[in-house]
Amino acid sequence: MYEMHSTIAFLPGKLLDICNHLLSHNDLKHLMLWVINLVGVKLILRIDEALDLKYGQFLRAYFVVKDCDIESLLAKIKGKRDDKWLHFAIWDDKDCTEFSAARAILLCISLTGIKGGYFFPSLEQLDKKMDNPTEHYGY
């Protein structure tokens, strides 16, 4: 029976359970769902801020790369109460690589082939392998 309670943060074990469940499907849709969750948790984003994320919000000039090793990515985010764009570093998690949003983002870019538009496209546009999606994944 469902019992209503206040909002709580994900504990690492629960987040790892979600990761294992989604990645066990071994498809692009479930990988994208994992990356949405991970980006939202790591950057403390509202769901609409995560889903509305566009490829152009990742500022490649500010990525920190050392000898083919990604240290961090940089994304600009404008929340619903923000007047201006805020910059967020997405650090590589070398201690617990399952929770590395930087690696997950780069893997998602590599597998989807997205070069512009929404970073998390609708499933129809994801299936069509569009490189510049115009619709984001629905909430």
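## Burial and overall form

A residue is buried when its relative accessible area is under 20%, exposed when that area is over 50%, and partly exposed in between (1.4 Å probe, protein chains only). By this rule, buried residues make up 38% of the 139 residues in the chain. The model is predicted: local features need pLDDT of at least 70, side-chain atom pairs count only at pLDDT 80 or more, and totals for chains, interfaces and linings use all residues. Residues are numbered from 1 along each chain as its sequence is written, and side-chain values use heavy atoms, with hydrogens and water left out.

Along the principal axes, the C-alpha atoms fill a box of roughly 50 × 35 × 35 Å.

## Fold

The chain has 5 helices and 3 strands. Both kinds of element are DSSP runs numbered from the N terminus: helices are H or I with at least four residues, strands are E with at least two. Read along the sequence, the pattern is α-α-α-β-β-β-α-α.

Contact here means heavy atoms within 4.5 Å. Take the contacts between residues at least 6 apart in sequence: 44% of them join residues at least 24 apart.

## Nonpolar core

A nonpolar core is a set of buried Ala, Val, Leu, Ile, Met, Phe, Trp, Tyr and Cys residues joined through side-chain atoms within 4.5 Å. The largest one holds 35 residues. Within this core, V35, I90, I105, F119 and F120 touch the most other members. Two or more residues each come from α1 (12-23), α2 (28-43), α3 (47-51), β2 (69-77) and α4 (101-112). Helix α2 gives the most, with 10 residues. In soluble globular proteins, nonpolar side chains tend to be buried together.

V35 touches A104, I105, C108, F119 and F120, leaving out residues up to four places away in sequence. Three of these partners, I105, F119 and F120, are also on the list of core members that touch the most others.

## Surface and charge

The chain exposes about 9200 Å². Carbon and sulfur atoms supply 55% of that area. Accessible areas come from the Shrake-Rupley method with a 1.4 Å probe; for residues, only the protein chains shown count as cover.

There are 17 positive and 19 negative side chains. The centres of the two sets lie 5 Å apart. Lys and Arg count as positive, Asp and Glu as negative; His and the chain ends are not counted. Each charge is placed at NZ of Lys, CZ of Arg, CG of Asp or CD of Glu.

S72 sits in strand β2. Its relative accessible area is 4%, so S72 is buried. Beyond its neighbours within four places in sequence, S72 contacts F63, V64, I90 and W91. S72 and I47 are 25 residues apart in sequence and 22 Å apart in space, C-alpha to C-alpha.

Q57 is found in the loop between α3 and β1. With a relative accessible area of 9%, Q57 is buried. Leaving out residues up to four places away, Q57 touches D52, L74, A75, K76, I77 and W85. S122 lies in the loop between α4 and α5 (123-127). S122 counts as buried because its relative accessibility is 6%. The contacts of S122, not counting residues up to four places away, are E135, H136 and Y137.

## Exposed positions and positive phi

D67 is in the loop between β1 (64-66) and β2. Phi of D67 is positive, about 50°, although D67 is not a glycine. D67 is exposed, with a relative accessible area of 79%. K129 lies in the segment after α5. Phi of K129 is also positive, near 55°, in a residue other than glycine. At 55% relative accessibility, K129 counts as exposed.

D127 belongs to helix α5. D127 counts as exposed, at 66% relative accessibility. D127 and K29 are 98 residues apart along the chain, yet their C-alpha atoms are separated by 9.0 Å.
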